[in-house]
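Subject: Structure for your review

Dear colleague,

Please find below the structure I wished to pass on to you. My notes on its helices follow it.

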Amino acid sequence: MSTELIVVEHGPVTTVRLQNPPLNLVTVELTHRLDSVLAGIEADDEVRCVIVTGTGDRAFCAGSDVKEFESLHGRVGEGKLLLEKSVYRRLARLPVPTIAAIQADALGGGLELALCADLRVADQRAKLGLPEVRLGVMPGSGGTQRLPRIVGPARAKEMILMGEILDAADAAAIGLLNRLAPSGHVMEVAMEMAETIAARGPIAVREAKRAVDVAGDLPLDQGLAHELDASERIFSSEDMLEGARAFFEKRTPRFKGE
């Protein structure tokens, strides 16, 4: 399995770069490699934030290789989509915050991958969409489930049922993107956001991410109980004490994740 399909730059801010030129298509080999990379990130307590991006100026990721469709006739669920759902879920459930730095077009499975990130930043020239119905198929790696949770069901249906492709500015206007980046500067914007997150209390950040993630799946009272449990864990940490002391001493806190 080629390790060059994904390039990883390790650190408190870890960068995961898709490298399957020219369109960074989602192949079985790339998906397996991504799974391995994500497993390593899960086990690394030093990681504070993850940026997922693509290589080149044509696509963040243009989704699946259409050449594979005919060979998948009648049995797509046996392998490809089941694998992608599992790996994409792993990305969505990483304990640390994730940012999709969309340096070029994110289409089909590429946008479905970006939807798994907590935050999305795109180059102002990028286009985003789930155009699968144009090919007689549908988004099958989470698009029909994650997109409505981000932009609402009516807007998601419009995008999916029409196979609509949006300019980055329009995607930002409906809440699909958190920020737009000037042309050629998406990694700078994403890195600034990631470094800000990485400087915050890591226990608090992880607990806050998890609390927001469960908010849409729990009744309000259960969500509030989850929030209280999370706050109790945070207030039992050394990081909480360090944050309070740094505040009164007017200095930058030195969080250790303890």
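The model is a predicted one. I begin with a helix pair: Val28, Thr31, His32, Leu34, Asp35, Leu38, Ala39 and Glu42 of H1 are in contact with Leu83, Glu84, Val87, Arg90 and Leu91 of H2. The axes of these two helices come within 10 Å and cross at roughly 30°. Since angles under 35 degrees count as roughly parallel, H1 is therefore roughly parallel to H2. The crossing of H1 and H2 is left-handed.

Each partner may also be considered separately.

Helix H2 has 13 residues, and the distance from its first C-alpha to its last is 18 Å, close to the 18 Å expected at 1.5 Å a residue. Its buried residues are Lys80, Leu83, Glu84, Val87, Tyr88, Leu91 and Ala92. Seen down the axis of H2, they fall within an arc of 165°, so they line one face of the helix. The elements covering them include H1, E3, strand E5 (98-102), H3, helix H4 (143-151) and H8.

In general, an α-helix has 3.6 residues a turn, so residues three or four places apart point the same way.

A second pair of helices is formed by H8 (residues 202-215) and H9 (residues 220-235), whose axes come within 10 Å and cross at roughly 175°. Because angles over 145 degrees count as roughly antiparallel, H8 is roughly antiparallel to H9. Ile203, Ala204, Glu207, Arg210, Ala211 and Val214 of H8 make this contact with His226, Ala230, Arg233 and Ile234 of H9.

Finally, a note on Pro153, which is located in helix H5 (residues 153-162). Pro153 has a relative accessible area of 55% and is therefore exposed, the cut-off for that class being over 50%. The C-alpha atoms of Pro153 and Ala230 are separated by 30 Å, the two residues being 77 residues apart along the chain.

With kind regards

Key:
Residues are numbered from 1 along each chain as its sequence is written. This is a predicted model: local features need pLDDT of at least 70, side-chain atom pairs count only at pLDDT 80 or more; totals for chains, interfaces and linings use all residues. Side-chain values use heavy atoms; hydrogens and water are left out. Axes are lines fitted to C-alpha atoms, for helices over the stretch in contact, and angles run from 0 to 180 degrees between N-to-C directions. Helices (H or I, at least four residues) and strands (E, at least two) are DSSP runs, numbered from the N terminus. Angles under 35 degrees count as roughly parallel, over 145 as roughly antiparallel, 65 to 115 as roughly perpendicular and the rest as oblique. A crossing is left-handed if the near helix is turned anticlockwise from the far one by less than a right angle, and right-handed if clockwise. Contact means heavy atoms within 4.5 Å. Buried means under 20% relative accessible area, exposed over 50%, partly exposed in between (1.4 Å probe, protein chains only). The expected span of a helix is 1.5 Å times one less than its number of residues. The arc is that of the directions from the helix axis to the C-beta atoms.
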